[in-house]
Amino acid sequence: MRRPLLSLMSVVLVVSACSAPQPAQKPKPTITSITPSPVERERPAVDLSAYEAGRSRPVADPVYPAYGNPSIDVLHYDLALGWKPGARTLTGTAKLTVRAARPISQVKLDFGRALKVDEVTVDGARVKATRRYDDLTIPLPEPLEAGQGTVVTVSYHGRPKPVDSKQRRKDISMLGFRIGGGGRAWALQEPFGAFTWFPVNDHPSDEALYDVAITVPKGWSGVAHGTYQGRTTEGGSSTFKWRSTDPVASYLTVFAADKFKMFKDKGPRGIPITYWIRPQDVPEQLPVARRMPEIMRWLEKKLGPYPFPSAGLVATSDSGMETQQMIALGPRYMEPSVVAHELAHHWFGDTVTPRTWRDMWLNEGFAMYFEMQWYADHEDGTIDEFIANIRRYDAALRRENGPPGDYRRDAFGQSNVYYSPAIMLHEIRERLGDRKFWAMTRAWPQEHRNTTQDRAAFVKWINEHTGRNFTKLINTWLDSTTTPR
Ligand SMILES: [Zn+2]
């Protein structure tokens, strides 16, 4: 049986679960006292060196400021998740190694209100956390100076609910954890929504390392981002383990539980690849998945080494998403050109991640451009024809959604952040010539592996790299409300 909730928390939960966020009626957060430890003890310093690669410089988001917390830098998530398809419930223990990015007395995380918290600890001592809407606030026994670390654990259970993204784009109107027929489940979330299945600093500027273990009934598989570490079966259940040794942004995490069949493959330079496909979809989907090594080789020729130690494809029920080291494709997206798009993101988006959602063009402009170039090289048409074609939509896209560098808040992921920056890249290619253009697209991800970047950094870099001044061209293409001439 699960632990009963602390009474205070159930009250806060009921309030937060049944009322829409209205600033005027927000209940005061009740930071309660800490359960005293049985023995007075000096808090030992938390050693952060093991997770140094998960260090980030978090910032607040200019477009979606409700998510993420720039005061903390999560270095590592250790997630032990259990999915029960029959009961449709998720159980989880999340152990977060956190660095204070500035002096803090509490750790505020994004965490979905649908999930019930069973226990929270800070450096091993139980504390009472508070819930408000989709926030979980954990009081620290002692405040931390900037740079100091703490380990918080959150145990929880419940039936996860996706979050209404308030986006006009239909396929991303709901984000996060989804449950399908037979209890299969998957979670995808851009720009936010990882908090629907684990407590998280849900912002791309705070990338972190991950260890994920997913326990499912025997015969089922649990798939996540990162490199597959194998599975163990005990009694009636199997546990699948995943590890990310390169930092991952929360929107690039993935969860999938289904009766998948797993297939192994090898990419360029022997990179291990796994495909996870439902048995009934294998005849149709496996041949598409098996194109991955060839597509990776094509991308490597243009962009240099694939920046991660493994790759994969999981067949989810919808979406096409560049989830890190494990792209997620729904049946409608199971196409080689989409595989090329999501793999191109591993250079543009995954290893070099936009620091805030203002710079989504930095992801999609490049991925779109490489998708079109892949299509031109392997299927039909020329890049000039594609660019001429999408140029016809540019004016209307800017009018409807805003310019690509400053899109409307409800216009996340509209075609303006794909097409217009792709045209901009083509303009840069025409000015540089092919040789210098491809050298530039190769150098940007290779020189900025495992970092977050923004427009100012890209403009400064491209000007230095090419010895030309593209400042005006880029700013005009990203900011103009009409198509630049
Ligand atoms: Zn994309």
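The following questions and answers concern a predicted model of a single chain.

Me: Which radius of gyration does the chain have, and how does this relate to the globule rule?
Reply: The chain holds 11 helices and 23 strands. For 485 residues the globule rule gives 23 Å, and the value for the chain is close to this, so the chain is as compact as a globular protein of that length. The radius of gyration is 23 Å.

Me: What percentage of the residues in the chain is buried?
Reply: The C-alpha trace spans about 70 × 50 × 40 Å along its principal axes. A residue counts as buried when 20 or more other C-beta atoms lie within 10 Å of its own. Among the 485 residues, the buried share is 46%.

Me: Of the contacts between residues at least 6 apart in sequence, what percentage joins residues at least 24 apart?
Reply: A contact here requires C-beta atoms within 7 Å. Among the contacts in the chain that join residues at least 6 apart, the share with a separation of at least 24 is 67%.

Me: Which residue in strand 2 is the bridge partner of His 76?
Reply: Strand 1 (residues 72–84) and strand 2 (residues 89–100) are antiparallel and pair over 12 bridges. They form a hairpin with 4 residues between them, and Arg 88 in the turn has a positive phi of about 55 degrees. Within strand 2, the bridge partner of His 76 is Thr 97.

Me: Which residue in strand 8 stands opposite Leu 96?
Reply: Strand 2 is also joined to strand 8 (residues 149–158), in the antiparallel sense, by 10 bridges. In strand 8, the residue opposite Leu 96 is Val 152.

Me: At which residue does helix 7 bend?
Reply: Helix 7 (residues 383–401) has Phe 386, Asp 394, Leu 397, Arg 398 and Asn 401 as buried residues. Their cover includes helix 6 (361–378) and helix 8 (416–432). Just after helix 7, Gly 402 takes a positive phi of about 90 degrees. The bend, of about 40 degrees, is at Tyr 393.

Me: Is Leu 425 buried or exposed?
Reply: Leu 425 is found in helix 8 and touches Gly 365, Phe 366 and Tyr 369, not counting residues up to four places away in sequence. Phe 437 is 12 residues from Leu 425 in sequence and 8.9 Å from it in space, C-alpha to C-alpha. Because 22 other C-beta atoms lie within 10 Å, Leu 425 is buried.

Note on methods
Residues are numbered from 1 along each chain as its sequence is written. This is a predicted model: local features need pLDDT of at least 70, side-chain atom pairs count only at pLDDT 80 or more; totals for chains, interfaces and linings use all residues. The bend at a residue is the angle between axes fitted to the seven residues ending there and the seven starting there. Helices (H or I, at least four residues) and strands (E, at least two) are DSSP runs, numbered from the N terminus. A residue is buried if 20 or more other C-beta atoms lie within 10 Å of its own, exposed if 12 or fewer, and partly exposed in between; C-beta atoms are placed from the backbone. Two residues are in contact if their C-beta atoms, placed from the backbone, lie within 7 Å. Two strands pair if DSSP finds at least two bridges between them. The radius of gyration is taken over C-alpha atoms; the globule rule is 2.2 Å times the number of residues to the power 0.38.
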